[in-house]
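Keep the structure in view as you go.

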Amino acid sequence: MSEAPIHPIVSPWGRFGLYTFYIDAEQPAIVDTGIASSPAEGMAPALDKLGRRLEDVRWILLTHGHIDHIGGAHALWEATGRTAQVVIHEADAPLLRSRQAHVDDYLTGRGRYLDDPDGAAKVTAAAEAVISGEMEPTMLVRGGETISLGGRVEISVHSIPGHTPGSVAYVVEGQNSVFVGDAVQVHGAANGFPGYTDPDAYRDSLAYLRETIRPETLYLGHPYRRTDGTPYGVELDRDQAAEALRESVDIEGGVRGAAHRCLCHGLLDTDSAYSPFAPVADDLGYTGDPTLEPSPFFTTLHGYRTQFSHQHRHEEES
């Protein structure tokens, strides 16, 4: 296998930066695409400094379907003359095909706990503003595929659900550079809380990354924070990657324990901003704003609630 240089690219989004990654191969690839403005405002200038062109990108590799990762996909695809292959896991493909799918995700998950009558309208407006276009992916993956970028550079695709059902890792074979998007949350990003929809799958995917993939370099979708609040960068060496994965497992275990205790005692609606999961916030000492989008506190706790309900229903039936 040949080694391919990898260049992190940051694109502006208000007070935040959005990260994409350029794999400088014979058939160049971009991993994740930020939002609608990212190809023009972030990627094109960065590639120009490298002596590369946006038009020459041949692979658009999406780690998952959230708007800050797929928002620029259509614009980037258009910039390549619609010649680039657009790759996403089949479980997250609806989020690339339809802005409405993002609203549906909100309504069936975190939106159930946010006392915001305008919540769905806000998500609709956000999807319209930051998703450059609805589109059909040109390549659906499930995990287990190999993508050749030419010049003996190969990417293996690994299913790592949890953050979303269709989260994937792209691994550059030979150099073991691993792109995971938001599948390794550590202590969360700006919200200070890890976000995942399926707790069991998230825990299993972390174990898979730790024990099977064992990244030499780990590329994160955001500068996730350690327990002490200090952020990692988005490009972690082997030791930092092992630490981030270990911390993510430990933090999930703490959230799992607090959620289980809360659910066993029964949920109570109160005037707390964390209701009906206020005991979890108290247990963990979490004082962040649970309403700040994308509301990982409620997304994650809804995941534990769903699994708890399924387990009890199965026990009653057996």
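**Exercise 1: the sheet**

The model is predicted, with local features needing pLDDT of at least 70, side-chain atom pairs counting only at pLDDT 80 or more, and totals using all residues. Residues are numbered from 1 along each chain, and side-chain values use heavy atoms, without hydrogens and water.

Solution. 
- Step 1. Strands are DSSP runs of E, at least two residues; helices are runs of H or I, at least four.
- Step 2. The open sheet has six strands in the order β1-β2-β3-β4-β5-β6, with mixed pairing. Pairing takes at least two DSSP bridges.
- Step 3. β1 (6-13) and β6 (139-141) are the edge strands, each pairing on one side only.

**Exercise 2: two helices**

Task: describe how α7 and α8 cross.

Solution. 
- Step 1. The axes of α7 (residues 199-213) and α8 (residues 238-265) come within 10 Å and cross at roughly 160°. Axes are lines fitted to C-alpha atoms, for helices over the stretch in contact; angles run from 0 to 180 degrees between N-to-C directions.
- Step 2. α7 and α8 are therefore roughly antiparallel (angles over 145 degrees).
- Step 3. The contact (heavy atoms within 4.5 Å) includes Tyr202 and Leu206 of α7, and Leu245 and Val249 of α8.

Methods
Angles under 35 degrees count as roughly parallel, over 145 as roughly antiparallel, 65 to 115 as roughly perpendicular and the rest as oblique.
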